[in-house]
Every structure is written in structure tokens, then in C-alpha cells.
Amino acid sequence: MSEPIRPLRVSLVQGDTRWHDAAANRSYYGDLVHRLRGSTDLIVLPETFTSGFTNETLANAETMDGENLRWLRALAADVGAVVTGSLVTRVGEKCVNRLVWMRPDGSRAVYDKRHLFRMAREHERYAAGEQRLIVELNGWRICPLVCYDLRFPVWIRNRYGKSVADRFDYDLVLFVANWPSARRYAWQTLLRARAIENLSYCVGVNRVGTDGNGLPYAGDSAVLDFLGQPLVELGAAEIVVTVTLDPAALAAHRERFPAWMDADVFEIEA
């Protein structure tokens with residue numbers, strides 16, 4: 001039996017990731033995250049937060065028993081919250097862009113980015129994931145995804161009674177990203193669309209600053225409700241903010257606007 005759904009405190013860490021310097025990023029993001037000790041349930045970091053979005057995979061990848069994972073485990077335990085973000089990870093002979101969902105008890109779940117950004121040749125350097133991840137926290141069902149996945153609504157589609165009887169697949173969809181400022185309108189628009197069409201809260205956490213390839217990032221991290229209305233929208237500065245999500249408001253919206261009852265039936269082929 002699922003635990004009762006309770007208000008969920010979600011913290012967005014919008015930072016300026018250091019280029020190809022895992023130790024510096026562990027120190028930098030660790031300082032930002034430690035401010036949240038005891039005051040939140042879920043801390044969301046950007047995509048590839050220990051390296052920046054890089055195609056130099058072998059030079060920046062670690063295995064799942066590397067220093068980055070040991071640090072992330074200790075960090076989640078210290079702050080008493082789930083910490084998530086993606087890392088360049090080596091799995092056997094291949095590399096993946098792997099989101100790690102690290103719980104404070106040291107257990108974890110992982111999601112490998114499904115959609116690889118071919119315009120930056122990501123598909124030539126990384127292997128694509130095959131399975132969507134759903135995790136639970138405080139009774140919430142949460143679907144964490146990575147950057148370019150945002151553009152693919154079929155993969156993200158929230159269905160009722162498909163994975164769990166009498167429940168939606170998820171109540172919150174979140175995206176960790178390195179989304180350049182040149183495409184910020186798409187980022188802002190698609191986050192809203194994913195919230196509205198899936199009758200779900202939506203969180204997007206992007207980085208700021210300029211990476212080693214000279215690409216600038218405008219941040220624009222946000223928390224959106226099920227109507228696509230912003231609960232918080234961030235600018236282009238380094239910032240850490242916490243928002244509390246209300247399960248009663250979500251349930252009421254789904255009851256009065258049951259668009260899910262008219263949804264198409266389909267299957268995704270890997």
C-alpha cells in the first residue's frame with residue numbers, strides 16, 4: 001500500500017558548473033547544498049554537474065563506485081534529503097549520461113538519458129537509456145528526466161492505471177539540464193506544455209554561466225503547477241530556492257479536469 005501523499009519541499013540549485021573539474025564542482029555544489037540541511041525533501045542539481053555538458057566522455061566519466069558517487073552518497077546523508085542530478089558515467093565499455101537519485105539512507109536509483117542531442121554529437125559519445133524511471137518520495141510518484149528528453153512528449157506521457165492501479169504514472173516530472181540560452185524560449189515553453197498535458201507538477205533545473213565550449217546558459221529554472229503556471233521562475237544568476245508542492249491542489253485539479261480519461265492508448269517500443 002502506498003504511503004499517504006504529503007506536501008513535498010523541492011529545492012532547485014541553479015549553479016555555474018566548472019568546466020571539466022569534478023573536484024571543484026563537488027566543492028562548489030556541496031557548499032550550495034549544505035545550506036539546505038534539514039529544510040527540504042528533494043534537492044535538484046543540473047545535468048552533468050561535475051563536468052559540464054561534454055563530449056570528452058572518457059576523460060570525465062567515472063564508474064558507479066567512483067569519487068563522485070561516494071561524495072553524492074555522503075552529501076545526501078548529511079543534508080537528510082534526496083539529491084539528484086546527472087553525471088557522465090562509465091558502464092563497462094560505454095558511457096551514459098546518468099541521472100542518479102541518491103537517497104539519504106545511501107540507496108539509489110538511476111536513469112540513463114534516453115534522447116541524445118545529436119546536434120552536439122551526444123549520440124556518438126554516449127549510449128542511450130531504454131527504461132523510464134519512476135521513484136517515490138513522501139507518497140509522490142516522480143519521473144526524473146534529462147535535458148533533451150523534454151522535447152519528446154510520448155516518452156514523458158503520464159498515464160492513469162498503466163504502471164500502478166488507480167494512480168497516475170507520476171505526480172511530478174522533473175528535468176535536469178544544460179540548456180543553452182539560444183534555445184531558452186523552447187525550454188520555457190516545453191516545461192509548461194509538459195505540466196499541462198500531463199496534469200502534473202513540473203520542475204526544470206538548468207545551469208548558468210558559460211561552458212568550456214563558449215556556450216552561455218540563461219538558467220530559467222522553474223517550478224510549474226499542473227496548469228503550467230509558475231510557482232517560481234529563476235533568472236540567470238546562481239541561486240538556490242525551495243518550493244513546497246501541494247498534493248491537495250493537484251488532486252483537485254485532476255478531479256475537476258479529468259483530461260486523462262480521453263487520452264490515447266499506445267505502447268512505446270524500445
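A residue is called buried when its relative accessible area is under 20%, and this cut-off is used in the legends below for a model that is predicted.

**View 1. Cys147, a buried cysteine.** With a relative accessible area of 8%, Cys147 falls under the 20% cut-off and is therefore buried. The closest cysteine sulfur to that of Cys147 belongs to Cys202 and lies 13 Å away, which is too far for a bond.

**View 2. Cys143, a buried cysteine with 0% relative accessibility.** Cys143 also counts as buried, because its relative accessibility is 0%. Its sulfur has its closest cysteine sulfur in Cys202, at a distance of 10 Å, and this too is too far for a bond. A disulfide would need the two sulfur atoms to be within 2.5 Å, and a search of the whole structure finds zero disulfides.

**View 3. The fold of the protein chain.** The protein chain contains seven helices and 14 strands. Its radius of gyration is 17 Å, close to the 18 Å that the globule rule gives for 270 residues, so the chain is as compact as a globular protein of that length. The C-alpha trace spans about 50 × 40 × 35 Å along its principal axes.

**View 4. Interior, surface and charges of the protein chain.** Of the 270 residues in the protein chain, 53% are buried. The accessible surface comes to about 11,600 Å², and carbon and sulfur atoms account for 51% of this area. The protein chain carries 32 positive and 34 negative charges, whose mean positions are 2 Å apart.

How values were computed. Residues are numbered from 1 along each chain as its sequence is written. This is a predicted model: local features need pLDDT of at least 70, side-chain atom pairs count only at pLDDT 80 or more; totals for chains, interfaces and linings use all residues. Side-chain values use heavy atoms; hydrogens and water are left out. Buried means under 20% relative accessible area, exposed over 50%, partly exposed in between (1.4 Å probe, protein chains only). Helices (H or I, at least four residues) and strands (E, at least two) are DSSP runs, numbered from the N terminus. The radius of gyration is taken over C-alpha atoms; the globule rule is 2.2 Å times the number of residues to the power 0.38. Accessible areas come from the Shrake-Rupley method with a 1.4 Å probe; for residues, only the protein chains shown count as cover. Lys and Arg count as positive and Asp and Glu as negative; His and the chain ends are not counted. The place of a charge is taken as NZ of Lys, CZ of Arg, CG of Asp or CD of Glu.
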